[in-house]
Amino acid sequence: MTGAEILVKSLEELGIKHIFGYTGAAILPVMDELGKSSIEIVVNSNEQSAAFSAAGYSRASDSVGIAIVTSGPAITNTLTAVADSFADSIPLIVIAGQVPEHKMGTDSFQHIDVSAVFGPTAKKVVLVDSIDNIESVIKDAYFLAKSGKPGPVVIDIPINLQQSINKYVGDNLHRFEAVYRNEWHLSEGQCEHFFKLLTEAKRPLLYLGGGLNSKNGSDAIRRFNSLFNIPSVNTLMAKGVVDENDPSSLGLLGMFGTPYANKIIQRNDFFFAIGVRWDDRVAEKVGFAIEAKIAYIDINPQKVHQIRNERNPDFSFIGDAASALNDLTDYAQRKKIRLTIDDWRQYAIKLKKTWPLNYCRDGKHIHEAEALDLLGQLIDGDTIITTGVGNHQLLAAQYLRMRSPRSFLTPGSFGTMGFGMPSAIGAYYANPDATVIVVDGDGSFRMNMGELYTIGSLSLPIKILLLNNKSDGMVRNLEDVAYGKRHSATERKSDVDFSELAKHCYYKFTKRIASRGELAEGLKSFMKTTGPCLLEVMTDIEEILYPVVRAGASYKDMDLGPYIKEVSD
Ligand SMILES: Cc1ncc(C[n+]2csc(CCOP(=O)(O)OP(=O)(O)O)c2C)c(N)n1
Ligand SMILES: [Mg+2]
C-alpha cells in the first residue's frame with residue numbers, strides 16, 4: 001500500500017466517519033485515498049475552520065475530531081484552532097501534508113517548520129520520518145489526544161512518504177489504547193480524610209470544571225450529588241455537567257458570572273473544585289475562597305502541583321475526576337454518610353430565586369440579553385449551543401440553562417472569535433439528531449463568515465442566531481469604563497444585512513428583526529424550521545454586560561448594573 005492508503009486505512013480502523021479539511025498539492029495523495037474510502041470529507045472554507053469543526057466534533061462527543069490540510073499557509077491557518085483546543089484541553093488531530101523530505105530546509109515553496117511553530121500549542125507534534133511509522137503515529141495520536149489532560153496532536157507527513165510503498169501491519173488498537181489507560185483510585189484513607197472535611201463543613205460548595213464535561217464525568221457528579229445535594233457553581237467549560245435548572249445549581253462563576261454564583265462564593269466554607277484549571281478570570285479575585293477549606297481533584301499533575309503551592313488545599317488528588325468521584329460515592333454509600341446542610345441548601349436556592357438575572361426590557365432597542373432569555377425558553381436537553389466571543393457569549397452562558405454535558409461549546413480559555421459556526425459544523429456531524437444553534441456576535445460571525453457558505457451549501461440543519469450590535473460590544477464596554485468612552489476601532493458604521501446574505505447561501509429561514517414586537521415570533525419560527533436557518537437580531541450598541549467583577553476587584557465588589565435587583569422570594 002502507499003503511505004496515503006496506510007494513513008486512510010488506519011483512520012478507518014479507528015472508526016473515523018468524517019474528516020474536516022481543505023486540499024492542496026502536498027496532501028493530495030491522502031485526499032485522493034479519502035475520496036475512495038468510506039470516510040466523508042467535509043470541506044470548510046479555510047483551514048482554521050476545518051480545525052475548529054474537528055474540535056467541535058470532539059467537544060460534542062467522546063470521539064476525536066480530525067482535520068486534514070496541506071502544507072505551509074494551510075497548516076499555519078490551523079494554529080489558532082490548535083492553540084484554542086490546547087487551552088481548553090480538547091482532543092484533536094491535525095494532519096498536514098509537507099514538502100518532500102529532500103526539500104525540507106531548502107527554502108522550498110509552502111514549507112514551514114511545523115514542530116517549531118506548533119511546539120508550545122500542541123500536546124504533541126510529530127514529523128513522520130519513515131513510512132514504517134505512519135500507521136503507529138496515527139493510531140497512537142488518537143489515544144494520546146484523548147488521554148489524561150486531553151489536547152491536540154499535530155502530524156506532519158512529507159508527500160514522498162505519502163507516495164512510497166509499504167505493508168499495512170494492522171496493529172491491534174488495544175495495544176495503543178493500553179499505553180494510556182491509567183486508573184488511579186482513592187484509597188480508603190483518602191476517602192475518610194475527604195469525608196471528615198466535608199462532614200465538618202457547614203457551607204460546602206462544588207466548583208465544577210470542564211474535566212467533568214463528558215457522559216462519564218456528568219454521571220459521576222450527578223451520582224455523587226444525589227447523595228448530598230451540595231450547591232454548585234461551574235466554569236464556562238462545565239455548563240450542563242449538572243442540570244442548570246436544578247435550584248441548587250447556581251451556574252457560571254467569575255468575572256461575568258451569575259449574581260447568585262458570585263454571591264455564594266463569598267460565603268462557602270468548603271470549596272470542592274473538580275476538573276478545573278482555576279482560570280484567572282475566576283480565581284484572581286481578591287479574597288477568593290480565602291476563608292474556605294479546599295479540596296481539589298484534577299487529572300493534570302502540573303495544575304494540581306501549582307494549586308498545592310498557591311492554595312495549600314486540605315485535600316487534593318491527581319486522577320480522573322469521574323473515577324475519583326465514583327470512589328467517593330461508593331465509600332459514602334458503604335459508610336452511610338449524610339450531610340446536615342439544610343439551611344445552607346435553602347440559602348443557595350433562595351439566592352438563585354431572589355437575585356435573578358435581568359436586563360433593560362423597555363428600551364428603544366432590543367438587548368442581546370433579551371434575545372437569549374427568550375431563546376433559553378425554547379431549548380431542551382437535546383440542544384447544542386456554540387458561541388463566538390464577546391458579550392453574546394457570556395450572556396448565553398448566563399441565560400441558557402443547559403441540561404446535558406457536551407452541550408455548550410465555547411472557546412473558554414483562548415477566547416477565539418470565529419469559533420461559533422465552524423464548531424457547530426463539527427457538533428452536527430457528531431450529533432446529527434441534536435438541535436445545533438450558533439449564538440454569534442456580528443464581530444465573531446464575520447471572522448469565519450465562509451462557514452455561512454459551508455453550512456448553507458451542505459444544507460446542514462444548523463441555526464445561527466446572529467446578535468448584531470454593529471460593534472465589538474465587549475471591547476466597547478471596556479472603552480466606556482477605562483478609555484473615556486472613546487470608541488476606537490470597535491464600531492461598524494455601514495450596515496450589511498447578513499440575513500440577505502444567508503438567503504443567497506440556500507438558507508431555509510432567514511430574517512432580520514429590529515423591533516421587540518417581532519422577536520418572540522421570529523425566534524419561534526427560527527426554531528421550528530428545519531435546515532440551515534439564520535435569524536439576525538439588531539441589538540443595542542449601548543448594552544452593557546452585567547454582572548461584572550472587574551480586574552483587581554473582589555466578588556463582594558460585583559457590579560450588578562441598573563437592572564439586576566433583589567426580588568422577593
Ligand atoms: C480572534 C480574536 N480577536 C480579537 C479578540 C478580542 N475581542 C474579544 S471580544 C471582542 C468583541 C466581540 O464582538 P462580537 O462578536 O460582535 O460580540 P459582542 O461583544 O458585540 O456581543 C473582541 C474584539 C478575540 N477575543 N479574538
Ligand atoms: Mg457585536
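A residue is counted as near a molecule if its C-beta atom, placed from the backbone, lies within 6 Å of that molecule. In the predicted model described here, 20 residues surround ligand 1, and the closest are Gly 390, Gly 441, Gly 443, Asp 472 and Gly 473. Three helices, namely helix 18 (391-399), helix 20 (442-447) and helix 22 (473-482), each supply at least two residues of this shell. Sorted by class, the shell around ligand 1 comprises 12 polar, 5 nonpolar and 3 charged residues.

The chain is divided into three parts: domain 1 spans 3-179, domain 2 spans 188-354 and domain 3 spans 368-542. The centres of domain 1 and domain 3, taken over C-alpha atoms, are separated by 30 Å. Contact between these two domains involves 24 residues of domain 1 and 24 residues of domain 3. On the side of domain 1 that touches domain 3, strand 1 (18-21), helix 3 (47-59) and helix 5 (79-87) each supply at least two residues. Helix 3 gives the most to this side of domain 1, with 9 residues. The class composition of the side of domain 1 that touches domain 3 is 12 polar, 9 nonpolar and 3 charged residues.

The crossing of helix 17 and helix 18 is right-handed. From helix 17, the contact is made by Glu 368, Ala 369, Leu 372, Asp 373 and Gly 376, and from helix 18 by Asn 391, His 392, Leu 395, Ala 396 and Tyr 399. By class, this contact of helix 17 with helix 18 has 5 nonpolar, 3 polar and 2 charged residues.

For helix 19 (residues 420-430) and helix 21 (residues 450-457), the axes come within 8 Å and cross at roughly 30°. Angles under 35 degrees count as roughly parallel, and helix 19 and helix 21 are therefore roughly parallel to each other. Helix 19 passes helix 21 in a left-handed crossing. In this pair, Met 421, Pro 422 and Ile 425 of helix 19 meet Glu 451, Leu 452, Thr 454 and Ile 455 of helix 21. The contact of helix 19 with helix 21 has 5 nonpolar residues, together with 1 polar and 1 charged residue.

Helix 1 (residues 3-13) and helix 7 (residues 134-146) pack at an angle of about 30°, and their axes are 9 Å apart. By the cut-off of 35 degrees, helix 1 and helix 7 are therefore roughly parallel to each other as well. The crossing of helix 1 and helix 7 is right-handed. Helix 1 contributes Gly 3, Ile 6, Leu 7, Ser 10 and Leu 11, which meet Ile 134, Glu 135, Ile 138 and Lys 139 in helix 7. By class, the contact of helix 1 with helix 7 has 5 nonpolar, 2 polar and 2 charged residues.

Ser 89 lies in the loop between helix 5 and strand 4 (92-98), and helix 5 is one of the elements that supply at least two residues of the side of domain 1 that touches domain 3. A cis peptide bond joins Tyr 546 and Pro 547, with omega at about -10°. Pro 547 is found in the segment after strand 18 (533-538).

Key. Residues are numbered from 1 along each chain as its sequence is written. Chains are lettered from A and ligands numbered from 1 in the order in which they are written. This is a predicted model: local features need pLDDT of at least 70, side-chain atom pairs count only at pLDDT 80 or more; totals for chains, interfaces and linings use all residues. Helices (H or I, at least four residues) and strands (E, at least two) are DSSP runs, numbered from the N terminus. Ala, Val, Leu, Ile, Met, Phe, Trp, Tyr, Cys and Pro count as nonpolar, Asp, Glu, Lys and Arg as charged, and the others, Gly among them, as polar. Axes are lines fitted to C-alpha atoms, for helices over the stretch in contact, and angles run from 0 to 180 degrees between N-to-C directions. Angles under 35 degrees count as roughly parallel, over 145 as roughly antiparallel, 65 to 115 as roughly perpendicular and the rest as oblique. A crossing is left-handed if the near helix is turned anticlockwise from the far one by less than a right angle, and right-handed if clockwise. Two residues are in contact if their C-beta atoms, placed from the backbone, lie within 7 Å. Domain bounds come from an automatic or database domain assignment.
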